[in-house]
Amino acid sequence: STISKTLIIYKTNAYISGDKDILVRMPEKLTVQRTAQIVGARRLEEIYMSYVRDNSIWPEHEIGFEGINTPETVALPEGRLTWDVQEKDKQDLVGNVTLIIGFSVDGKPAKKVFVSGKVNVKMEIVRASGKIERGRIITDQDIEQVNEASLHHRKESLISREDVVGKRALRTIQAGQTILEGMFENPPPVKKGDRVVISAENSELKITTAGEALQDGKMGEQVEVLNIQSGRKVLATVKGSGIVEVFF
């Protein structure tokens, strides 16, 4: 660090301006040096990547880095060097990730350094091979499973092929779109137009007859059913696939 004569006089003038008999002799500039230990960009990158890998919810082999921005070098006093890492904001360590590396020397805080980068994860995802209309039952031919690196994956929303085949689309899914939780549901055990078995029983008697569902129904829901034999419409509770129950 180089300090000029002008700066020294300016800084000390307020303390000696009233003493006219003081004469200052000094060179035009002073150079102050000390030994230091240098942390380079590569070491900063390693600290950054190590923290992400150790604290991510993703397996290490699925994590990638698209770019890490660090200072060229960080100069610190000599001594035993340690550091801790903090996340700048609450994040899931995917996408734009900024970390704060706090260096200490001999147990005393020395310097904080900001390091930022882009973190992606490579995962098997399920996407639509063609357009899937809302309400349609998804088949194996409707989807494809591919490896893809992304800055936006959320682990809890990813699914497998087995999760989606046989389910009903809750909305229209476009060709090539990634299929996530919330886009599908289990199909109702009773669908409008289905032939169903209407069951009625008490402690002494059980009667079954054929019927037709007049609306979709989930387990435990009440649906309107047409009794084919009598031609009457009744309310029945969905008990299983193609089975409804009335009480008497």
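Student: Is Glu62 buried or exposed?
Tutor: Glu62 counts as buried because its relative accessibility is 16%. Buried means under 20% relative accessible area, exposed over 50%, and partly exposed in between, using a 1.4 Å probe and protein chains only.

Student: Where is Glu62 in the chain?
Tutor: Glu62 sits in the loop between H2 and E4. Helices (H or I, at least four residues) and strands (E, at least two) are DSSP runs, numbered from the N terminus.

Student: What does Glu62 touch?
Tutor: Leaving out residues up to four places away in sequence, Glu62 touches Asn120, Val121, Lys122 and Met123. Contact means heavy atoms within 4.5 Å.

Student: Before we go on, where does the model come from?
Tutor: The model is predicted: local features need pLDDT of at least 70, side-chain atom pairs count only at pLDDT 80 or more, and totals for chains, interfaces and linings use all residues. Residues are numbered from 1 along each chain as its sequence is written, and side-chain values use heavy atoms, with hydrogens and water left out.

Student: New topic. Which residues touch the most other members of the largest nonpolar core?
Tutor: Tyr48, Leu99, Ile101 and Phe103, in a core of 25 residues. A nonpolar core is a set of buried Ala, Val, Leu, Ile, Met, Phe, Trp, Tyr and Cys residues joined through side-chain atoms within 4.5 Å.

Student: Which element gives this core its largest share?
Tutor: H2, with six residues.

Student: And the barrel, what is its strand order?
Tutor: Five strands close it in the order E12-E13-E14-E15-E16, with mixed pairing. Two strands pair if DSSP finds at least two bridges between them.

Student: How many bridges join E12 to E13?
Tutor: Seven, and the two strands run antiparallel.
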